[in-house]
Amino acid sequence: MCGIVGYIGDGHAKDIIIEGLKKLEYRGYDSSGIALYIDGKIQVRKQMGRIANLEAVITEKEFDSHLGIGHTRWATHGAPSDVNAHPHGNGDETVAVVHNGIIENYVELREWLSREHGVKFRSETDTEVIAHLIGIYYDGDLVDAVYRAVEKMKGAYAIGVVSSHEPDKIVAVRKDSPLVAGLGEGCNFIASDIPALLRHVRKIYLIENNEVVVLTTGDIKIFNQDRKEVHREVFHVTWDAASAEKDGFDHFMLKEIHEQPKAIEETLSRRLDADGLVKLDGIRMTKEDIESFQKVYIVACGTAYHAGLIGKHAIEKLAKIPVEVDVASEFRYRDPFVDDKTLFIAISQSGETLDTLAALREAKRKGARVLSVVNVVGSSVARESDDVFYTWAGPEIAVASTKAYTTQLVCMYLIALFMGRTKGSLDVETYQSVIRELSAIPEKLRGLLTKEEEIDAIAKDLYRCESVFFIGRGPDASVSFEGSLKLKEISYINSFAVAAGELKHGTIALIEQGTVVIALATQERLFDKMLSNIQEVKARGARVLGIAKEGNVGMEQQADWMITIPDCHDDVAPLMSVVPLQLLAYHIAKLRGCDIDKPKNLAKSVTVE
Ligand code: F6R
């Protein structure tokens with residue numbers, strides 16, 4: 001989704017903003033632009049395509065300033081084009097605005113602005129109305145004009161505003177779209193996400209909904225909806241800038257796949273005490289709360305939703321509470337049965353996914369207790385939850401989620417274990433054995449990751465195929481969904497996952513000579529069933545890649561290719577079986593020449609519906 005960067009200070013705004021925008025490229029974009037205050041005027045440059053295109057048109061030496069805002073756009077209203085790229089200005093170009101989000105009533109506002117104020121629009125965007133509103137309301141006080149404009153706007157937005165009338169400030173507003181302010185020395189910043197600022201600042205203000213932030217060179221002031229100044233604690237970023245760099249890997253995705261053992265160690269170390277017991281420091285859910293839950297709802301989108309499917313297996317098995325898993329965009333609009341005896345678990349890497357946030361609010365409104373599993377500290381989902389279980393995966397930059405998924409799984413296991421022990425539905429031996437199994441995962445994963453060459457060789461056999469089917473049973477079915485999503489989103493191969501037992505109810509009609517089927521068979525008690533499913537597809541000419549645990553016999557005779565994962569308890573196998581699928585998707589996409597970290601049409605943080 002769109003990215004915003006703003007800078008005011010004694011440095012070179014142009015370079016700092018462009019560098020910040022590059023750090024936000026992972027969010028996904030189709031055009032970029034910058035507005036700088038130069039010689040008494042706001043000067044705007046914007047270009048469709050990559051940031052390099054923008055850089056090519058801002059080579060003039062004199063095109064620099066102490067004040068500016070920049071933007072990467074992910075088109076919503078109006079096609080990707082130079083004209084629709086941000087920043088947008090008002091009629092006399094005294095105001096420039098960058099915006100992430102959607103102004104829902106923009107049609108109404110456009111009509112009103114044209115009718116009442118004779119405004120002529122240059123672009124098809126919703127954002128342009130914001131610039132005109134601020135221009136119209138400007139009466140010697142930019143902050144007041146922004147407040148008045150915001151009163152008229154409905155929807156989700158984070159905006160950054162500069163004006164040639166007041167070149168000593170940036171004004172920014174947040175409502176339901178991410179925004180942070182960075183506190184520097186002799187300079188201050190706004191951005192959609194922390195990585196954009198890390199090279200310059202570690203002190204961050206997390207801006208809350210409906211807040212207006214005013215930056216000058218020496219100060220950052222935050223005001224609430226009633227225009228009262230609010231005090232905000234500084235959030236100190238502890239992870240270093242290098243963790244948001246590629247570190248010698250060709251792509252962020254590959255780096256993040258390889259970071260999984262370390263990320264899982266970190267997730268576990270935050271939640272296991274010296275005796276190896278799950279500790280829920282900072283989580284206020286009591287024994288009585290846990291005993292009162294009659295139902296758990298897990299709600300998320302995409303990969304996080306797939307983590308929720310595994311969470312269902314874990315919670316139902318270990319904590320013996322019925323669990324429903326839903327995609328957030330469905331949950332929020334279907335009046336689900338939720339009450340004060342419901343535990344609502346939201347899973348989100350970014351913590352900014354609008355549908356997940358809306359579902360969470362809906363569940364809260366109905367009285368549910370909200371626990372979130374989130375990676376980005378201080379994000380909206382985290383802030384609006386009763387309790388937060390951070391995944392501590394570190395920054396995930398590649399659009400395709402990998403280490404966030406596996407750490408989300410670890411969190412789901414820990415939550416299930418804790419609830420099971422607290423309720424008394426889980427015996428000590430099982431509890432301890434699952435914890436032992438989890439603790440052994442990082443080392444086993446390190447071993448598994450050494451099979452990358454083997455997986456690359458299989459990718460060379462497969463990368464030209466037109467479609468791929470994924471099948472599995474139980475937790476393997478859930479991992480199949482994730483493997484299929486990974487493959488399609490970065491390689492653009494048409495892939496499809498189906499629970500293996502469902503094949504013969506329709507999908508098997510598509511299996512023909514040469515069709516590639518990836519069959520996961522890591523679950524002991526379902527292994528023979530999977531062998532039968534493999535035979536069914538083989539009989540129709542499919543070529544099969546089997547994924548099974550070391551030592552499982554029977555698969556090699558049937559599969560055309562095999563990848564084994566280290567032996568482990570069935571319940572935790574998804575933590576490993578997904579890794580070859582991530583690597584396979586990666587190598588296939590690489591062989592197909594795809595833009596792996598920034599797949600077409602996708603965004604890292606989906607802050608619109
Ligand atoms: C796929 C992927 C997406 C996200 C989804 C939810 O690789 O990353 O499917 O999982 O957009 O995002 P978060 O977890 O940030 O809520």
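Asn210 sits in the loop that links strand E11 (203–206) with strand E12 (211–215); helices (H or I, at least four residues) and strands (E, at least two) are DSSP runs, numbered from the N terminus. The model is a predicted one, in which local features need pLDDT of at least 70 and side-chain atom pairs count only at pLDDT 80 or more, while totals for chains, interfaces and linings use all residues. Residues are numbered from 1 along each chain as its sequence is written, and side-chain values use heavy atoms, with hydrogens and water left out.

Asn210 has a relative accessible area of 28% and is therefore partly exposed; buried means under 20% relative accessible area, exposed over 50%, and partly exposed in between (1.4 Å probe, protein chains only). Its contacts, leaving aside neighbours within four places in sequence, are Arg174, Lys175, Phe223, Asn224 and Gln225, where contact means heavy atoms within 4.5 Å. Pro178 is 32 residues from Asn210 along the chain, with 11 Å between the two C-alpha atoms.

We can turn next to the sheet. Eight strands form an open sheet with antiparallel pairing, in the order E3-E2-E4-E1-E10-E9-E11-E15; two strands pair if DSSP finds at least two bridges between them. The edges are taken by strand E3 (41–48) and strand E15 (235–236), each of which has a single partner strand, so one side of each is left without a neighbour in the sheet. Helix H1 (residues 13–23) packs on this sheet and touches strand E1 (3–9), strand E2 (31–38), strand E4 (67–73) and E10. The direction of H1 makes about 25° with that of E4, given that axes are lines fitted to C-alpha atoms, for helices over the stretch in contact, and angles run from 0 to 180 degrees between N-to-C directions.

Two of the strand pairs deserve a look in detail. E2 and E3 run antiparallel and are joined by eight bridges, and Arg45 in E3 is the bridge partner of Ile34. Two residues lie between the strands of this hairpin, where Asp39 takes a positive phi near 50°. Strand E9 (residues 180–183) pairs with strand E10 (residues 187–191) in the antiparallel sense over four bridges, and Leu183 stands opposite Asn188 in E10.

Thr342 belongs to strand E18 (residues 342–348). With 2% relative accessibility, Thr342 counts as buried. Its side chain reaches the backbone nitrogen of Asp339 at 3.0 Å. Not counting residues up to four places away in sequence, Thr342 touches Phe293, Lys295, Tyr297, Ala368 and Arg369.

The ligand has 15 residues around it, of which Ser348, Gln349, Ser350, Thr353 and Glu489 come nearest; a residue is near a molecule if one of its heavy atoms lies within 4 Å of it. An oxygen atom of the ligand lies 2.6 Å from a backbone N or O atom of Gln349. Side chains take part as well: an N or O atom of Lys486 is 2.9 Å from a ligand oxygen atom, and a polar side-chain atom of Glu489 lies 2.5 Å from an oxygen atom of the ligand. The protein buries 89% of the 410 Å² that the ligand exposes when taken alone, with accessible areas from the Shrake-Rupley method and a 1.4 Å probe.

Finally, Val553 lies in the loop between strand E24 (543–549) and helix H18 (555–558). At 66% relative accessibility, Val553 counts as exposed.

Note on methods: A polar contact is a pair of N or O atoms within 3.5 Å; within protein, one must be able to donate a hydrogen and the other to accept it, and residues adjacent in sequence count only if both atoms are side-chain atoms.
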